[in-house]
Amino acid sequence: MVDDVRPGSVGQGRPLKGASLTVTSKNFSENIILGQMAGLVFKAAGADVVDRTNLPGSISAREAIVKGDADAMYEYTGTAWITYLGHSKPITDPQAQWRAVRDADVRNGVVWLPQSTLNNTYALAISKRNNAKYKLRTLSDVAALAKRDPSAVSVCVENEFASRDDGLPGMEKAYGMSIPASRIQKMDAGIIYTQVSKSSSCLLGEVFTTDGRIKAMDLDVLADDRHFFPNYNAAPELHASTFAKYPAIAGLLDPVSAKLTTEVAQDLNARVDVEGRDPHDVAKEWLVEQGFIRKG
């Protein structure tokens with residue numbers, strides 16, 4: 001990173017002066033933004049920063065942290081608990097899940113810093129226009145509607161979500177819901193938002209709760225009132241030897257994580273996915289807005 005940035009409310013005294021740190025991320029907008037944030041904070045605190053964000057998929061970014069090819073990234077607690085650590089059932093309480101991930105990942109040489117309330121989990125959404133008729137608030141409301149009027153409920157989902165136990169089949173089971181196969185359409189994730197917003201063929205669609213298109217397309221997200229979907233709270237994870245050498249990183253990232261909410265993520269993601277802006281610029285702008293760093 002070549003940015004000329006200085007400490008704001010974090011990084012005073014430049015505690016990372018002389019450090020050379022590599023940040024990484026997965027290859028979707030939100031995670032790239034979060035990776036850029038970490039890198040910019042490190043840079044303002046005096047480090048030389050190598051930008052290895054936008055790696056393909058979860059596994060490559062995770063392996064970079066485990067092997068020490070990268071020093072830091074923002075990861076999601078649900079992904080770690082289920083995908084990396086091999087558990088089949090999520091822990092309902094978000095803080096308890098974070099603690100369980102933090103404690104279990106020690107054996108992999110990974111340190112987890114405190115999580116944000118930013119929760120990028122699955123949900124079903126409906127357009128406000130359609131919801132004026134149905135007044136759905138929760139997935140239990142959807143189950144009741146599907147039982148009362150099966151022809152009213154149509155769902156658009158990705159192929160993977162349609163078959164995964166932590167996707168549509170598991171959700172139907174958890175809520176006692178039965179949606180006929182003829183009422184389920186499979187499509188790419190990006191198309192779902194448009195279809196739910198503008199089409200009559202999808203009353204409901206699979207969304208991610210932090211997606212910027214939720215607000216941009218005027219969608220209502222339905223509450224998972226039985227807490228079926230895992231919590232995917234974003235938190236910094238570090239290669240253990242990096243944290244041992246530079247424990248000041250906790251004081252740099254903790255205040256940033258504390259400000260990251262689902263609503264903040266929706267706004268930042270919209271700047272990229274709706275307005276077409278660069279994730280690095282969006283990350284830097286927000287950090288400056290919040291006073292965490294200053295432009296040089």
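User: Hi! Where does Arg 271 sit?

Analyst: Arg 271 belongs to helix 13, which covers residues 262–273. Keep in mind that this is a predicted model.

User: Got it. Is Arg 271 buried or exposed?

Analyst: Arg 271 has a relative accessibility of 11%, and buried means under 20%, so Arg 271 counts as buried.

User: And which residues does Arg 271 touch?

Analyst: Leaving aside residues up to four places away in sequence, Arg 271 touches Gly 276, Arg 277, Val 282, Glu 285 and Glu 289.

User: Nice. Let's switch to helix 3. How many of its residues are buried?

Analyst: Seven of the eight residues in helix 3 (residues 77–84) are buried, so helix 3 is largely enclosed by the rest of the structure. The buried ones are Thr 77, Gly 78, Thr 79, Ala 80, Trp 81, Ile 82 and Tyr 84.

User: Tell me about helix 4 then. At what angle do helix 3 and helix 4 cross?

Analyst: They cross at roughly 55°, and their axes come within 9 Å. That angle makes helix 3 oblique to helix 4. The crossing is left-handed.

User: Which residues make that contact?

Analyst: From helix 3 you have Thr 77, Gly 78, Ala 80 and Trp 81, and from helix 4 Gln 97, Trp 98, Ala 100 and Val 101. Sorted by class, the contact of helix 3 with helix 4 has five nonpolar, three polar and no charged residues.

User: And what follows helix 3?

Analyst: Helix 3 is followed by Gly 86, which has a positive phi near 80°.

User: Which residues have a positive phi although they are not a glycine?

Analyst: Asn 54 is one of them, with a phi of about 70°. Asn 54 is in the loop between strand 3 (48–52) and helix 2. His 227 is another, with a positive phi of about 55°. You'll find His 227 in the loop between strand 10 (219–221) and strand 11 (234–239).

User: Are those two buried or exposed?

Analyst: Asn 54 has 45% relative accessibility, so Asn 54 counts as partly exposed. His 227 has 53%, so His 227 counts as exposed.

User: Okay, back to helices. How do helix 1 and helix 12 pack?

Analyst: Helix 1 (residues 29–44) and helix 12 (residues 249–259) pack at about 130°, with their axes 10 Å apart. They are therefore oblique to each other. Helix 1 passes helix 12 in a right-handed crossing.

User: What is in the contact there?

Analyst: Helix 1 brings Met 37, Ala 38, Val 41 and Phe 42, while helix 12 brings Ile 249, Leu 252, Leu 253 and Val 256. By class, the contact of helix 1 with helix 12 has eight nonpolar residues, with no polar and no charged ones.

User: Last topic: strand 9. Why is strand 9 called largely enclosed?

Analyst: Four of the five residues of strand 9 (residues 204–208) are buried, so strand 9 is largely enclosed by the rest of the structure.

User: Which strands pair with strand 9?

Analyst: Strand 6 (residues 122–127) pairs with strand 9 in the antiparallel sense over four bridges. In that pairing, Tyr 122 has Phe 208 of strand 9 as its bridge partner. Strand 7 (residues 155–157) runs parallel to strand 9, and two bridges join them. Here Cys 156 stands opposite Gly 205 in strand 9.

Key: Residues are numbered from 1 along each chain as its sequence is written. This is a predicted model: local features need pLDDT of at least 70, side-chain atom pairs count only at pLDDT 80 or more; totals for chains, interfaces and linings use all residues. Side-chain values use heavy atoms; hydrogens and water are left out. Axes are lines fitted to C-alpha atoms, for helices over the stretch in contact, and angles run from 0 to 180 degrees between N-to-C directions. Angles under 35 degrees count as roughly parallel, over 145 as roughly antiparallel, 65 to 115 as roughly perpendicular and the rest as oblique. A crossing is left-handed if the near helix is turned anticlockwise from the far one by less than a right angle, and right-handed if clockwise. Contact means heavy atoms within 4.5 Å. Ala, Val, Leu, Ile, Met, Phe, Trp, Tyr, Cys and Pro count as nonpolar, Asp, Glu, Lys and Arg as charged, and the others, Gly among them, as polar. Buried means under 20% relative accessible area, exposed over 50%, partly exposed in between (1.4 Å probe, protein chains only). Two strands pair if DSSP finds at least two bridges between them.
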